Each structure stands twice: as C-alpha cells, then as structure tokens.
Amino acid sequence: MMLRLVLLTALALCGCCSEQDLDGLQRVVGGTEARLHAWPSQISLQYNTGTSWQHICGGSLIQRNWVMTAAHCVDRNMNFRVVAGDHNLYANDGSEQVFSVSKIIIHPFWNSNNIAGGYDIALLRLSSYATLNSYVQLAVLPQEGSILTNNYPCYISGWGYTRTNGQVSSVLMQAYLPVVDHQICSSTAYWGSTVKTTMVCAGGDGIRSGCQGDSGGPLHCMVNGQYQVHGVASFVSSLGCNVRNKPTVFTRVSAYNSWITSVIAQN
C-alpha cells in the first residue's frame, strides 16, 4: 500500500529529514495565490530544526486553543508550534499569532504503517488562546455524518508543493477541488478499496491537487452560506500529486465530530 500512497507532509518525499531537504515552502498544485486572509482558520504547523522553524503541515483552528490537523503530521518526536493569521511565511505580515503546543492527541486507531486504514486526524491543544479578529477565525465544522454530493464545489488551501517534486513558495495558495463521491472514488478506475467511507476525495482532474506540505490542511466547502471544513488533507498517489483519476484524499471531518467533541471536553 505504501507504494501507492504519499502522505502530504513536507517531509513525505524526503528519504531523511535534514534541514537542507526541507529548505523552503511549497504549495497547492494548479492553484492560485489566496486573497490575503481569505481563509482565516488556516494555520501553519511548524517544527524546530534546531536553527529555525520550518513549515511541515497545515491545519485548522477549531477552538481558540485547539487545532485540527492530520495524525501523520505529528506522529513523530518533534518540537512543534502553530502560526495563525499568516499568509507569506517568509515575511512579517503583522497579523501572525504564534503558539506553542501543550498537548498532541492522535486518534487512537491511527496506524502509520497502514495509511489507507484511515483515522488520519489529530488535535493539538495550544498553550494559550488565539485572539479572534479579521485575520484569525475559528473553522466551522460540518454536521456529524454529513456527506457532500458528487462534484460539490470545494477548495483546498495550503503552502504545499506547486507541482510534484515541487517549487519553493511562501504564500498561501488555494485550488478548486470538487468532491468525488465515494462510489466513484472507490471504483477500480480511481482509488478502489484504498479509500474508506471515513474519507472524502476531491479533485482528480490531473491539473489541481494537494501536494506535500498541504497535509492536515482544510478542504473548504460552502454549505448554507458559510464555508465549512469538510476534510483534513491526507494523501495522494505516489505517481504524483496531480494524477488524473487519483483525487486528493482527505479525512472526512463529519465522521469524527463525536471524537473531536469528547477530546476537547476531556482535555
């Protein structure tokens, strides 16, 4: 299975994890630069190399002191921080809020040796509370169990590669990724049995996709007049990020509402 899937962390294409391998930021494939602070719940998850902080994954601010991201982003022993309200990671926008992470809670059924098993979701408790303003807002989560129809319009945002084996960038990107429903996405022409009902597929046109560095980041879908975060970016094909009929695969947030609620209540 590992031969077919590539996780979307900035580390995923590296055989090792040296600072040289991870130099710089890379972004959504086939997208455009997001309007400044268009996605105010988007955060950058960063790790300390020893000499600097480097972006590794995206995420969403879901409470003033809680972030939702992918399990595979944080299932290694690293010193993480969260930056909210950012756009250009190499410039001081004047809107950033930086937080250390006081607790990491990975879904108990996540298995890093079985990516396609699902449960690629984690919650990070921040050491302090975010100040909500026009640059930093809470993500709206979907209702429990809600499933979007085929071709439902959604957007991915993130600082991931702009193409497979990418190109360095620093600004937040977005790309239009319509939903591919489970019946289609689990067909043999697409992902087959690799995708589970607890996942949501989006894209697959061979042009636009998530890529390394987008992991943990949101799939934004307009429902009842407001954008909701329906997905947590998880994996793409090892053949490349934007392979036709291999949509970007996300953890389906609406499959985990109860878990999210209970974790926050208990911690």
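# Notebook: contacts, cores and cavities

I began with contacts, meaning heavy atoms within 4.5 Å. Among contacts in the chain between residues at least 6 apart in sequence, 74% join residues at least 24 apart.

A note on the source: this is a predicted model, where local features need pLDDT of at least 70 and side-chain atom pairs count only at pLDDT 80 or more, while totals for chains, interfaces and linings use all residues. Residues are numbered from 1 along each chain as its sequence is written, and side-chain values use heavy atoms, with hydrogens and water left out.

**Entry: the whole chain**

I looked up the secondary structure and found two helices and 15 strands. These are DSSP runs numbered from the N terminus, with helices being H or I of at least four residues and strands being E of at least two.

Next came burial: 55% of the 267 residues in the chain are buried. Here buried means under 20% relative accessible area, exposed means over 50%, and partly exposed is in between, with a 1.4 Å probe and protein chains only.

**Entry: the cores**

Which residues have the most contacts inside the largest nonpolar core? I found L45, M68, V82, L123 and I260, in a core of 35 residues. The elements giving two or more residues to this core are β3 (42-48), β4 (53-63), β5 (66-69), β6 (80-84), β7 (97-106), β8 (122-126), β14 and α2 (257-266). For the term itself, a nonpolar core is a set of buried Ala, Val, Leu, Ile, Met, Phe, Trp, Tyr and Cys residues joined through side-chain atoms within 4.5 Å.

I then followed I260: leaving out residues up to four places away in sequence, I260 touches I62, M68, I121, L123, L141 and V253.

**Entry: W259**

I found W259 in helix α2. Is W259 buried or exposed? At 14% relative accessibility, W259 counts as buried. Beyond its neighbours within four places in sequence, W259 is in contact with I105, I106, H107, P108, I121, A122 and L123.

**Entry: aromatic pairs**

I counted six aromatic pairs in the structure. Rings of Phe, Tyr and Trp (its six-membered ring) pair if their centres lie within 6.5 Å; planes under 30 degrees apart count as stacked, over 60 as edge-to-face and the rest as tilted.

The rings of F109 and Y119 have centres 5.3 Å apart and planes at 80°, so this pair is edge-to-face. Both F109 and Y119 lie in the loop between β7 and β8, so the pair ties together parts 10 residues apart in sequence. F109 is exposed, with a relative accessible area of 56%, while Y119 is partly exposed at 30%.

W191 and F235 also form an edge-to-face pair, 5.3 Å centre to centre with 90° between the planes. This pair links distant parts of the chain, with W191 in the loop between α1 (182-185) and β12 (199-202) and F235 in strand β14, 44 residues apart. Both W191 and F235 are buried.

I noted a cluster too: ring pairs link W39, Y155, Y176 and Y227.

**Entry: cavities and a pocket**

My search used a 1 Å grid over the protein atoms alone: a cavity is a set of points where a 1.4 Å probe fits but cannot get out, a pocket is an open set with protein on both sides within 12 Å along at least five of seven lines, and lining residues have an atom within 4 Å of a point. Grid points are joined across faces, edges and corners, and a volume is the space filled by probe spheres set on the points.

How many cavities of 30 Å³ or more are there? I found two. The largest holds about 50 Å³ of space, and its lining includes Y119, F235 and F250. Strand β15 gives the most to this lining, with three residues. The second largest cavity has a volume of about 30 Å³, and W39 is one of the residues that line it.

Last, I looked at the second largest pocket, with about 180 Å³ of space. Of its 14 lining residues, the closest to its centre are I147, L148, M199, V200 and R252. The largest share of this lining, three residues, comes from β12.
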